[in-house]
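Thanks, everyone. Let me put the model up, and then I'll take one residue and one interface.

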Amino acid sequence: MEMNIALLPGDGIGPEVVAQAVKVVKAVGQKFGHKITFKEGLVGACAIDATGDPYPDATHEICAASNAVLFGAIGDPKYDNDPKAKVRPEQGLLRMRQKLGLFANVRPTFTFPSLVHKSPLKLDRVEGVDFVFFRELTGGVYFGEPRGRNEQGTKAFDTNVYSKEEIVRLARMGFEAAQKRRKLLTCVDKANVMATSRLWRETVQELANEYPDVKVEYEFVDAVAMRLIQWPKAYDVLITENLFGDILTDEASVISGSMGLMPSASLGSNVKLFEPIHGSYPQAAGKDIANPLATVLSAAMMFDYAFDLKEEAEAITGVVNLSLAEGVVTEDIAEGGKSYKTSEVGDWLASKVIKAY
Ligand code: IPM
Ligand code: MN
């Protein structure tokens, strides 16, 4: 197959972890006979520094012309503590999601047997956890208008807005995913307080008739925040609006023991985007110590979701599991034992793809 992949390494550790994923993707291409072309673009703080724009048109053109985007991370401390900054790296990410039409963010949480002891939760709670969030990504309070301040600057407001159509397209993805999994869908909302949430609930209730094989549960977001920690095995597929999804998926990402391990996919248009859930981790940038596995696993999701190549995806998850089992890991996982550099883990994974599969 021919594949055009846009690479947006971004800021902080982004370039280092994306470089490892590229090694692994190239190895898969070589092993399985795919012609893979990469094109790189700027996004985030580095794009602001170079062009004044966190998502330059040139980058959008590269993404729009590709089949898939492999994204690293964005964010730089110099913007975080300056609420008055006019241009912010995050604006680039939001504009990119919107312009590419990536309305569904798929964020799985699963466990690795060799790492469950690192979870902040007790073993019996965490073993076998396997759920996935479908977070709405291009609507809600992230994009609603009006937003801003009154003239005196003493009041600020954001608008949460959802159309039925936006809810339906996201919910359908959730229902379809549930059909392929354990057939349980949880609609997460705040319907006891918010009008948008009541529209979510009503819309999902209507849609449920079309998916009689899927059991649907409705839960308030505050209760889910609690139950996710108390009994994460209770969940299979969860659907929710943009802001709730942002918050709950960070909570979910630590359940398995390391945020450095969870991948994600953003879907909705012909171009699909894949990125690790962790951020730019600026303290580690340039030190060759960051854990590349979440980005490598995002590349596995890319083969699966963007190209429907399951065997290639499994080749990657297979070597990642092998690296965990054999202790070829970065210092965040090594727990004082022997640890490897980011680049060494990437080289090892790529060589295993070539040899073992
Ligand atoms: C995420 C991030 C972004 C979000 C930020 C960086 C704008 O937290 O991808 O979850 O809030 O969506
Ligand atoms: Mn977030």
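Start at Val-126, in helix 6, residues 123–126. Helices here are DSSP runs of H or I with at least four residues, strands are E runs of at least two, and both are numbered from the N terminus. A word on the source: this is a predicted model, where local features need pLDDT of at least 70, side-chain atom pairs count only at pLDDT 80 or more, and totals for chains, interfaces and linings use all residues. Residues are numbered from 1 along each chain as written, and side-chain values use heavy atoms, without hydrogens or water.

Is Val-126 buried or exposed? Buried, at a relative accessible area of 0%; the cut-offs are under 20% for buried, over 50% for exposed, partly exposed in between, with a 1.4 Å probe on protein chains only. Beyond four places in sequence, Val-126 contacts Thr-111, Val-116, Ser-119, Leu-121, Lys-233 and Ile-255. Contact means heavy atoms within 4.5 Å. Gly-257 is 131 residues from Val-126 in sequence, but 9.2 Å away, C-alpha to C-alpha.

Now the domains. The assignment, automatic or from a database, gives domain 1 as 1–102 + 260–356 and domain 2 as 116–257. Their centres, over C-alpha atoms, sit 24 Å apart. At the interface, 12 residues of domain 1 contact 10 of domain 2.

How many salt bridges lie between domain 1 and domain 2? The count is 0, taking a Lys or Arg side-chain nitrogen within 4 Å of an Asp or Glu carboxyl oxygen. On the domain 1 side, helix 5 (89–100), strand 11 (263–267) and helix 13 (331–334) each supply at least two residues. Helix 5 gives the most, with 3.

Definitions and conventions. Chains are lettered from A and ligands numbered from 1 in the order in which they are written.
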